[in-house]
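Colleague: I'd like to go through some of the labels on this model with you. Can you show me where they come from?

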Amino acid sequence: MPINTRNSTVSRRNEILNAINSEGQVYVDELSAKFGVSEVTIRNDLDQLEQKSLLIRARGGAMKIEGRVGVDYNLSEKDKINYQEKVRIGRAAAKLIKNSEIVLIDSGTTTAEMVKNLTDIEDLTVITNALNIATLLISHPGVNLTIPGGYLRKNSQSLVGPLAERSLKNFYVDKAFLGVDGFDTKTGLYTPNIEEAHINELMIEIANEVILLADSSKFKKKSFAFICPIDKIDIVVTDDKLSDDDRKRLEDAGVKVIIA
């Protein structure tokens, strides 16, 4: 499939998921008219998305499936959700960072809470594609800051795309700290944006240890773009509302769980 065709298909399916999330249900004939494609194409889109457990097919269209992250919220909106849990998670995660390490920090409100607690750190090298993280660390005397290239996604304030990916391939880090939009312990990590998923995959590849920061509201949720299965994660830092079944599934997979 040509790249431009593949990208248009991905974009259309992402818009379909966002429409389902906001309206609860969509219809084949209306989607066909909206996107200027055949009803056969729309039915194929819905079938493919149903196979990924992202919607439920219904007569003439599809319906929303509970436990899916569809909206790509900006950071100011995310910051209001489960704020106290994020503060505790950030404080606990900061204790995992040692002097003189090389760490990679993903964009997000929970990772931002973590860097706020790095007040006494010394000789720390931080690689981040997130402008909100860079802003918090830019004047820190004990942090050596590296920001890879890329183009800016305003919602997440992160640098993504081929340039960012090529830059990250030049590094190897002790630890990668990731945020996440959806986390199903049966399948893995998810985000609404495919570019974010690509950059997160690469972050995982270049890290010796992968640490996920996720409050309990992120669990039992999926989204459009798959990042990785749970066996790629070493540590999960979360809050005390984590369900017993999710905790057991993580620990059975060899993932260390830290409750903040």
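Colleague: Which residues of H9 are called buried, and what makes them so?

Modeller: Glu196, Ala197, Ile199, Asn200, Leu202, Met203 and Ile204 are the buried ones in H9. Buried means under 20% relative accessible area (exposed is over 50%, partly exposed in between; 1.4 Å probe, protein chains only), so these residues fall under that 20%. Mind you, the model is predicted: local features need pLDDT of at least 70, side-chain atom pairs count only at pLDDT 80 or more, and totals for chains, interfaces and linings use all residues. Residues are numbered from 1 along each chain as its sequence is written, and side-chain values use heavy atoms, with hydrogens and water left out.

Colleague: Why is H9 called a helix, and what span is expected for it?

Modeller: A helix is a DSSP run of H or I with at least four residues (a strand is E, at least two), numbered from the N terminus. H9 covers residues 194–205, twelve in number, so it qualifies.

Colleague: What makes S15 a partner of S12?

Modeller: Three bridges again, in the antiparallel sense. Thr191 is bridged to Ala225 in S15.

Methods:
Pairing = 2+ DSSP bridges. Expected span 1.5 Å × (residues − 1).
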